[in-house]
Amino acid sequence: MIPLLANLPEWIWLVPVLPLVAVVINAARVLLGTATGDAAEPLTARLSSLAAFGGLALMLAIDALALIDAPPGHLRLAHWFGNGNWEATFSFMLDPLSLTLGTLTALIGWLVIRFSANYLHREAGFHRFFIGLSFFLAGIQIVLLAGNGLLAFVGWEMCGVSSFLLIGYAWHRPVATGNALFAFITNRGGDAGFLLALGLAATWLGGFEWTLLSKASQISVVNDRLLVVGFVIAALAKSAQLPFSAWITKALEGPTPSSAIFYGAVMVHAGVYLMLRLEPLLVQVPDVMFGLVVAGALTAIYAWLCGLVQTDVKSALIFATLFQVSLMFVAIGLGWTTLALVHLCLHAGWRVWQFLIAPSWLVVTRERPPPPPAWLRNNQLLYTAALQRFWLDKLADTLFVQPTASFSRDAHAFEEHFIDHAIGQPGQGKAVHADRPLVVADGLPGRLLAWASDVLQRIEYRLLLRGKGGTAEKLMHRAGAYLRTLENLLEQPRYLMMAVMATFVVIL
Amino acid sequence: MNAEDDLPIGERLAHWVEHLTHVLPAQAPIRDFVHHNTLHGFQQLPFAEALSAASALTGATAWWPEAKFRECLASGRICADDLNAALDDFGVADLDAPVIRALSRRDVLLASLLAGNDAPDASRLDWLRRETALADDFIFGHFFRLTVAMPAAADAQPWQALAQARWAELCGRVGKAWTWRSLLEHLSGEDVLERVRSILQRHLAAHLDLGVAAWRNPAQRLGFFAAWRASAGFDLAWEMDELPNVRDEILHLPDSPLDVLLEELPRLVADESLWPGYLQRLSLELPGWSGMFLWRERHPGRGDGTPVAMLDYLAVRVLLERLLSDDLLRRLTGGPLPLADLPEHYAARPEEFLVRDALHQAWLPEELQGRAAGLVDQARHEHVDAEDWRHLAAAIAPAMLGAQAANAAWQLASLSRQLGLTPVDLETLSGEEVAALQACAGSLRAEQRSQIWLLAYERHYRQQLFAALTANHSRQAAPATPSAQVVMCMDDREEGTRRHLEEIAPDIVTYGAVGFFGVPIYWQGVDDAGKTALCPVVVRPTQLVCEQGVAGAEIEQEQRAARRERRLHWRERFYQATRRRAVAGPILTALGSLPALAALTAATLAPGWFAETARRWREQYDGRLATRLVLTAERKIEATPEQPQLGLTDSEQIKYVEEFLRMIGLTAHFAPLILMLGHGSGSSNNPHLSAYDCGACSGKHGGPNARIFAAMANRPEVRAGLAQRGLLIPESTWFVAAEHNTCDDGVEWYDLDTVPERFHAALDTLLAQVGEACRAHAAERCRRLASAPVRPTPWKARQHMLGRASDISQARPELGHANNAAAFIGRREMSRGLFLDRRVFLISYDPTGDDDGAIVEDILLAAGPVGAGIALEYYFSTVDNERFGCGSKITHNITGLFGVMEGADSDLRTGLPWQMVEIHEPMRLLVVVEQTTERLTAILNRQPPLQELINNEWIVLAAKSPSTAAIQLYCPRRGWLPWTGSSVLPQVAHSADWFAGESEALAPAIILGGVR
């Protein structure tokens, strides 16, 4: 029993894998068509909730062990891939930071899944929603518990994908799908930073382990700065800090519980976690830390001003969330990481509750909140800017989404006008020769095949079908005569004996 | 030229705005949700016509889709008889005239209804041909050969002419059924409305906001137009949207919205006679926001003092429509073009129009669809040669003709299959006969077909109900000496409670009445900040009744109020400051976090327990307070709804009590206890909370009315006054009051400490009986809720309901009025002992004491509109939940404290959420009155409001004879029609035996235990 308990941290991989198992089972049920009707709902919800609870229980047990003994720290479970210069592993980080956030996330995830079981009853997208939510839970736990940057990046992307799927939950509404796409594309900016940092880490440090990254003082400050900037961009994008803020205000199209866990409580804090995790690296580049303070402070002003003019509850809450998250960035920039961590945990707990009871707003509030000070109140320009959210969504649309859309349109045109023609499509064939309408081909391979068949046919035609008097026929006749002579000779005993002896010689 | 055209334009605009009140949703801010007919503005039209008109105007479907009705036919919810009778009811002419051979018109129409009038689109037809046996299907093949041959002769026209005709038809819609935006969307696939909405929505919400935003537009006091203009002048979005000239236009706008309208409207539509239609269409494109704006204009007292004028809104709306349509048109045609020249532009380019138009058509084969979409998309970014358009148009044109043939063949094939025609019959059918068949089957328009299906659907239930009433007639018996009389709301949900109570205590007599118990008052509870009207929404009370602590408890009351105020203040501070305050926000967040997480955990794991504990804690903190009513006013004063009189005078009290008791027919045989049981609904985390409450109390709780009534009726002065008027209530009778929570099936009793001791024993029994009835009722409700336990014991069911009511994750705390279907106005004996599945409004009325019909006239006038409002709101929200209802709750987002949006950028959603109506059977209310047809005809003849409801068929009226079992159905066309039919009904001992294990709507049954 005791050794089993002591080995408990080795099972940490179950925390993200359990929800993934739920995803796989539920997705299989949907694909096989068994998940339909009221009767299928409890199983989906229970599987997801059980997986989430399993994760929570495991986290609590490990927490208890860590409290009795010491936190297990960095755990390397398996080799993933790599070459001589660098290695990627399956490793987990079980220090107080990860354990705290992992446990909190497991708790919130479990509660939100339980909440959703009733809330989404009989929705057309019931199973889809739970698949998305469990997938997110797996992703965010990988981010929080991973022992290295590469694994965390996998989780980071899982969060991005599930966020995209759940913003677009009501896919029949163009606003919902448009906003899902918007959020997805702006978030890719952050991914570029993350990937850049990972690439640099592999080149300069020979690995992605967090423990390795914190020892980055060996490399020059310039390199260090570049490395950190990559991670900072990723963090700013995920936590919707300026200049990436616009996406989160457009992300409220999904069901209330998904808004609560993604944008109120958990995912919005992922960037803060990344910064806390990289604290040893950060402190070596004070100018980047100053940058964090600036970004945080600007976001705080932006979110506060916009929050004042919001007229719908979810938007009001999202700006409030953004405001406090930006304060965490300021705190990290100032080096107050413990404060940021405490603030993060408490904020997540409050916000998930506030988002989930957003439909009660009519009951819990009675009067209009007090207006801002007079100098601000009467400023028409600032009011317009706040109402239009400083035009950030339009800017982001022009700078990120439109170019991406144009690029994909170009790619599509390229494919349609060049690649499709080169490859060819079934049923689109045209006659290769006007005199042979039955031979039709399209695309390079098609034409190649047509050409090859043409050549072969010509050979066949020349050799065999051309009939009497052709060169080929003469040659064939002559060859036939030689072969007949050879056969006759071989049938005579002496040549037969010679052949047998020659065989023996070869064998011996 | 009518008289209106001579009026100055300002007055005409006011008239047009006035007219908008008929077509826009008239939903009040969501805190005061009151059921009303969604199509109230069309009520002057007959039902079917109104629905067609509304569909044409709003694009909504006003009936269930035919496919749904056909499913009902398959499942037995409609039977062939019903459909046959519906054809007669609908009044189709010459039903028995022969069409071809032995087939009458009735046969063909029935077959056509069963076969359906929809054909698969081109892609599906193609698929069916490839993948199923359709290609070898003899009947389809036969008709396809016939129909392919037919149009070729008829349509010798080239496609250019067809396309031009179609374009002219589409252009003709502008200003009537369409706006330019619809036309441009049809052509380009790009919806200007999406942009208009996102530009407008933030400004609208900011202007109408009732308490979410802290910061308002500095120019808000000047009205919406000025506020919008002040902001729009600073808005950088115009440049970002590549509309740089818009800012100049806005800066040079006239100051008056009227001038803006007069400047912009001619640019949109030159023909002045189309302006009202165009404005109406424009308002209906964002019905939620337009409706709320108009409502606020019409009810200035219910806002926060912000000036709201519909003309402001229309001016901005028209301006944006013109600006953005201009822009889209420029991009569409590649150069600046006034909107007025658009018709000419495409008339000259039929090939481009044909391709763009075909993209929306179901007949376009998949491959051509891809090419057309590609070309239209290409045209969005670069110039497309006319030759390319022409090339594709030439390919599309034959498909257009072929598709019509396939459609006709499909319909004829399904029709002849329904008619049972054999291949031999088909071979011998002549061309004329086929044409006659086609013409007969196509003689009903889609709306007419739907209406016939609806008639059949309603008839099926009506037959069951009439059979039940007939079967129950011989069982009528009332307990001679009732142990108690219980007066409840007429609400359909209380049918269940009453039935269970009667089963548990056969010596109890129950009554139903409009749930404000005839006491129209303002109410101010001890915890309320202001007064609320507790009466039907059309009545404006002039009396106020307050609740106060008992005498001698003034200090406690003050303390309690202070503590309560402190608690609510802190709660509000937590919710508001954590989103609004820069410094206090994070601190309060940190303080509130752990309790919030604990609360969430508890509320998720044990909602019932947590809510109960929290309630107890609240009560402990606030302190308990026994309260009394401030009921009696010394003398009458001149009171207005704004300055109501405090309390009611003796004579007013006597009048209210007398009128009410006479109305429900309770004038003798008073039991020792008379319970007045109001109702309300308590659910958590539910913006549509008040839609579950008492409709007769303006969407509030009816408990206070019950309490006031009981207090009045117990006063010796009132009793004496009543006695003088011949209504002798003996000393041995006491009135008690309570409120039934329809969500958790709990009962809150009022003023039990004032009940004299001699009634205590009876009261104990009654309390236990009512409690038991509520638990049995909870068990019945469980059957329709998927997450409720299956076949629960009453105790378990009640536990479940308690948890459900306080569960913050529950989108269906209760099912409200779902499945309401009928109303009975008559003595309870008429329906006592019947299982009516909580579908019938029960209104007590004694025909024997009402010789001139005055009482039933009042009841019809009061209950008719309430019942019709509920039934019709449920009807429309069910048949088209996207347009008439507000969609699914799960993405709802409270906006400005007056409504909900889907997500953070959508139209304001009005009507009922899908979760409330998903199991509803959409039917009109069937009102059965226990009175003679002569009296009812007389009432109908003198009451225009009833004529509107009944003669226009918004509700269906039937009369049950007070003395015999005869029932007659009223048809506005044919008069009173005697009902005949089988009256054999299943019989069970108890309700529970009938509903056990069933989860769908149930037919009536006789409950043997319900009548002693």
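Two strands count as paired if DSSP finds at least two bridges between them; helices (H or I, at least four residues) and strands (E, at least two) are DSSP runs, numbered from the N terminus. The model is predicted: local features need pLDDT of at least 70, side-chain atom pairs count only at pLDDT 80 or more, and totals for chains, interfaces and linings use all residues. Residues are numbered from 1 along each chain as its sequence is written, with chains lettered from A and ligands numbered from 1 in the order in which they are written.

**View 1. Strands β10 and β11 of chain B.** Strand β10 (residues 673–680) and strand β11 (residues 734–741) of chain B run parallel and are joined by eight bridges. B:G678 has B:E739 in β11(B) as its bridge partner.

**View 2. The open sheet of chain B.** Five strands form this open sheet with mixed pairing, in the order β4-β3-β10-β11-β12 (chain B). β4 (508–513) and β12 (746–750) of chain B are the edge strands; each has a single partner strand, so one side of each lacks a neighbour in the sheet. On average, neighbouring strands of the sheet are turned by 25° against each other, direction ignored.

**View 3. Helix α32 on the sheet.** Helix α32 (residues 760–782) of chain B packs on the sheet and touches β3 (484–489), β4, β10, β11 and β12 of chain B. Contact requires C-beta atoms, placed from the backbone, to lie within 7 Å. The direction of α32 makes about 35° with that of β10(B); axes are lines fitted to C-alpha atoms, for helices over the stretch in contact, and angles run from 0 to 180 degrees between N-to-C directions.

**View 4. Helices α5 and α21 of chain B.** Helix α5 (residues 105–115) and helix α21 (residues 386–419) of chain B pack at about 120°, their axes 8 Å apart. B:D107, B:A111, B:S112, B:L114 and B:A115 of α5(B) meet B:S414, B:L415, B:Q418 and B:L419 of α21(B).

Technical notes: Contact = placed C-beta atoms within 7 Å.
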